[in-house]
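Student: Please pick one part of this model and go through it closely, then place it in its surroundings. Give the cut-offs as the terms come up.

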Amino acid sequence: MKGTRFRPILRESIGSIWREMRIAVTPVPRPDKWVFVVGCYNSGTTLLAKLLARHPEISGMPTEGHFVTDQFIKDYDIGLPRMWVDREDLFRLTENDEGPDVIRIKKEWGMRLDLSKQILLEKSPPNGARTRWLQKHFENAHFIGLIRNGYAVAEGISRKGDPKHIEDGWPIERSAKQWARSNEILRDDAKHLRNFVWIKYEDLVHDVKATLRTITDFLKIEPFPESLISQEFNIHERNESIKDLNQISIDRLTTEALSKIESVAGSLLKEFDYHPPRK
């Protein structure tokens, strides 16, 4: 019985030692470009990252980069899934901040990437708060900012709140604040970024080919081969087709919820040309 009690601890210790050994022997990635897909939660960043990772010149991680490294605070770990705005001080970084161990992050990410590729891609929603820091420390950093209708995003964030932390989901006004603040920071920080492009979720889902061509032109690489541009993809462990899911989310919102979203994020919604839906 006594030995049985210590087996999980022993397995964890062996796992930690093995991981440290792998990090030690992993070379520091030195690609031609680091590409970061950034945007608010529920904006389609997973979809876009999976599509881009199909390109023969790009290697993308199988999961979000902030889950792979132990150097960034994780929203789930502090009880704020999909809601880093409530502790912006823990996530916000600029070029003036020292920040975490860059070499370790690169090695941890390198363990999940094909280092023979010249473009390495990472996507994590909280990285939208630290693009300027990433630019300083990651060679030839390119940023793809993805924005989606804030009404649909707020509904999704509230609905998908982790039940371990939030029994009934986030209040809609807090979800709207997360959308607004995420995009406000991206908008302002983009002025300090050498390589940044905005992409709209709505453009992506309605014309995948044209949107991917915009991105390959931005990255100065060959366009996607026709055979790799497919309407079928795997996201969140489900096989789905690429389609605009905005209206489904918006239809779930009550008139009161729409009013709350607009009261929090109205000015930014107008700035990005998202208008109040009719009920």
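**Strand β4 and its surroundings**

Tutor: Strands β1 and β4 run parallel and are joined by five bridges. Two strands count as paired if DSSP finds at least two bridges between them. Helices (H or I, at least four residues) and strands (E, at least two) are DSSP runs, numbered from the N terminus. The model is predicted, with local features requiring pLDDT of at least 70 and side-chain atom pairs counting only at pLDDT 80 or more, while totals for chains, interfaces and linings use all residues. Residues are numbered from 1 along each chain as its sequence is written, and side-chain values use heavy atoms, with hydrogens and water left out.

Burial comes next. A residue is buried under 20% relative accessible area, exposed over 50%, and partly exposed in between (1.4 Å probe, protein chains only). Seven of the seven residues of β4 (residues 141-147) are buried, so the strand is largely enclosed by the rest of the structure. In a regular strand the side chains alternate between the two faces of the sheet. In β4, A141, F143, G145 and I147 point one way, H142, I144 and L146 point the other way, and all are buried.

N42 sits between β1 (33-38) and α2 (45-52). Its phi is positive, about 65°, although N42 is not a glycine. N42 counts as buried because its relative accessibility is 11%. K220 has a positive phi too, near 60°, and is likewise a residue other than glycine. It belongs to the loop between α10 (208-219) and β6 (232-235). K220 counts as exposed because its relative accessible area is 71%.

Now the wider setting. The chain contains twelve helices and seven strands, and 51% of its 279 residues count as buried. A contact means heavy atoms within 4.5 Å. Among contacts between residues at least 6 apart in sequence, 81% join residues at least 24 apart.

In soluble globular proteins, nonpolar side chains tend to be buried together. A nonpolar core is a set of buried Ala, Val, Leu, Ile, Met, Phe, Trp, Tyr and Cys residues joined through side-chain atoms within 4.5 Å. The largest nonpolar core has 30 residues, of which W84, Y151, I157, W179, L253, I261 and L269 touch the most other members. Helices α7 (150-159), α8 and α12 each contribute at least two residues to this core, and α12 has the largest share, with six residues. Another core, of 25 residues, lies apart from it and has V37, I199, L212 and I221 among its members.

A salt bridge is a side-chain nitrogen of Lys or Arg within 4 Å of a carboxyl oxygen of Asp or Glu, and the structure holds 19 of them. In one of these, R187 meets E271, with the closest N and O atoms 2.9 Å apart. R187 is in α8 and E271 in α12 (residues 255-271), so this pair ties together parts 84 residues apart in sequence. R187 is partly exposed at 24%, and E271 is partly exposed at 45%. Another salt bridge joins E88 to R181, with the closest N and O atoms 2.9 Å apart. This pair links distant parts of the chain, since E88 is in helix α4 (residues 88-91) and R181 in helix α8 (residues 172-189), 93 residues apart. R181 is partly exposed, at 24% relative accessibility.

A local case is R104 with E108, a salt bridge of 3.5 Å from N to O. Both residues lie in helix α5 (residues 102-110), four residues apart, about one turn of the helix. R104 is buried at 16% relative accessible area, and E108 is buried at 0%. Together with E20 and D70, these two residues form a network of salt bridges.
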